[in-house]
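Hello,

Here is the structure I promised to hand over. Please have a look at it first; my notes follow below.

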Amino acid sequence: MIKSISVRNFRSIKDQITLDFSKSNRKKGDLSNYISISNTEIATTTVIYGANASGKSNLLRAFKALEYLVLNSAKFDSEDKLGPYEPFRLAKGFDKKPVSIELEFFIDQIRYIYLIIFGEKLIEQEKLLFFPVGKEATLFNRVKGKEIQFGEYFKGEKKTIEKLTLPNQLFLSKAAENNAESALPVYQFFKNRIKVYPFLNQYNESGLERFYAKRLADEPESPFAKKLNALICALDTGINSISAKETDWNSVKFPDNMPANVRKKIQEDFKYEIKTVHELFDESNKSSGLIDFDIDEESTGTRSLLSIGGIIIDALEKGSVLVIDEFEKNLHPIITSYLIKLFNEKIFNPKNAQLIFATHDITQLNEDLFNRDQVWFTQKNEFGVTELIRCSDIKGLRLNTPLDKWYVAGRLGGTAIINDTNFVMAMQEEIEE
């Protein structure tokens, strides 16, 4: 699980802000939405609210930036730029300063802190700490222009891998590539235990559909397939079951002038097709059997539910950290609420999966779903800088305060402020003309 993430000079984030998932000592509510790890209580769900362009998506993108660099930088060429380098640009000089991202997390009850500070084409600093017996110990600390300092706990080849690591590559990634024992658990944490979806658009959902179609076709009796079926059918979709099979390309006619490589790519991408099964009724509204539908005949909400349902079940099965923006996209608020509760209840979440998401759905902002320290707000100040505040830190809030009403009224920050004076004048001018 993740304890916190700290970000500085990234997109709309100028000064360092920290999103902390540990239990607050302030008034927060009575829900037991926490997992105890090494004497630290970590929230199973965390929600971020904020106006459009307030920075909540940028905060989630920082997870993706870190994940991307850890998993891919070992393959970078010496001249490759670091794609996630997106510094704050509304203050002079900051567009040349490095980006800083620090993640604090747990692997098998052991606490780790991983920091990277990077510019456009090089890593300025990279540091990995852990707490093997409750006390801080350095695994390695890398500073630009200096030899890497290794702690006594670091196991695996050191100097050879250090020489192989280019200035724009992470040592952690290079060390894992070369099977350094101390690097592998952390690298695997990023590879297998963090799933980041900074946005779910039609392209992403189509890719997820194809991914889950293959899983349903290859493993129709697997626990995953059974759980996904049960979830889709339970949430008022009108679906009796869902399955997948290989596409019958003999029934598909391609244009005669279509290049062979394009045809092959389509056949590979859409090798499997998802079918939903509905109950069929006769003229007297009595059940008379079942009827198949193609997934593209289903509603947008049902198709979104297939994608989000799949990644949620994956996270619950593996005990992963799921980071997702616009979690409620195309879903009814009651369904959204149910999916959130899957992470808060031990019966559904025995492996301690964690959900971190951003939303505009104020119906989820209630004391039956979140404690105050699980709710965060982003807002931009007059200089275009993202600010982050925890709900439990807001003074004057009582536990019976209706957060949804206060939020809409702008009393908690993070809400859109509409100044339409110029727009009204422009419209009026057109009318007068």
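**Aromatic contacts and one buried glutamine**

Phe 105 counts as buried, because its relative accessibility is 0%. Keep in mind that the model is predicted.

I searched the whole structure for aromatic pairs and got 22. Two of them are described here.

Tyr 85 and Phe 118 pair edge-to-face. Their centres are 6.5 Å apart, with 70 degrees between the planes. The pair links distant parts of the chain, 33 residues apart. Tyr 85 sits in the loop between helix 1 (56–72) and strand 6 (99–107). Phe 118 belongs to strand 7 (residues 110–118). Both Tyr 85 and Phe 118 are buried.

Phe 105 pairs with Phe 189. The ring centres are 4.6 Å apart and the planes are at 15 degrees, so this pair is stacked. Phe 105 is in strand 6 and Phe 189 in helix 4 (residues 184–193), so the pair ties together parts 84 residues apart in sequence. Phe 189 is buried too, with a relative accessible area of 3%.

Phe 105 and Phe 189 also belong to a cluster linked by ring pairs.

Two charged ends sit over rings. Lys 97 has its charged end over Phe 94, 4.1 Å from the ring centre. Arg 111 has its charged end over Phe 131, 4.1 Å from the ring centre.

Last, Gln 354. This residue is in strand 16 (residues 354–358). Gln 354 is buried, at 0% relative accessible area. Beyond its neighbours within four places in sequence, its contacts include Met 1, Phe 21, Thr 44, Ser 320 and Phe 343.

Best wishes

Terms used. Residues numbered from 1 in each chain as written. Predicted model: local features only at pLDDT ≥ 70, side-chain atom pairs only at ≥ 80, totals over all residues. Heavy atoms only, no water. Helix = DSSP H or I, 4+ residues; strand = E, 2+ residues; numbered from the N terminus. Buried < 20%, exposed > 50% of the residue type's maximum accessible area, 1.4 Å probe, protein only. Contact = heavy atoms within 4.5 Å. Phe/Tyr/Trp six-rings, centres within 6.5 Å; stacked < 30°, edge-to-face > 60°. Lys NZ or Arg CZ within 6 Å of the ring centre and 35° of its normal.
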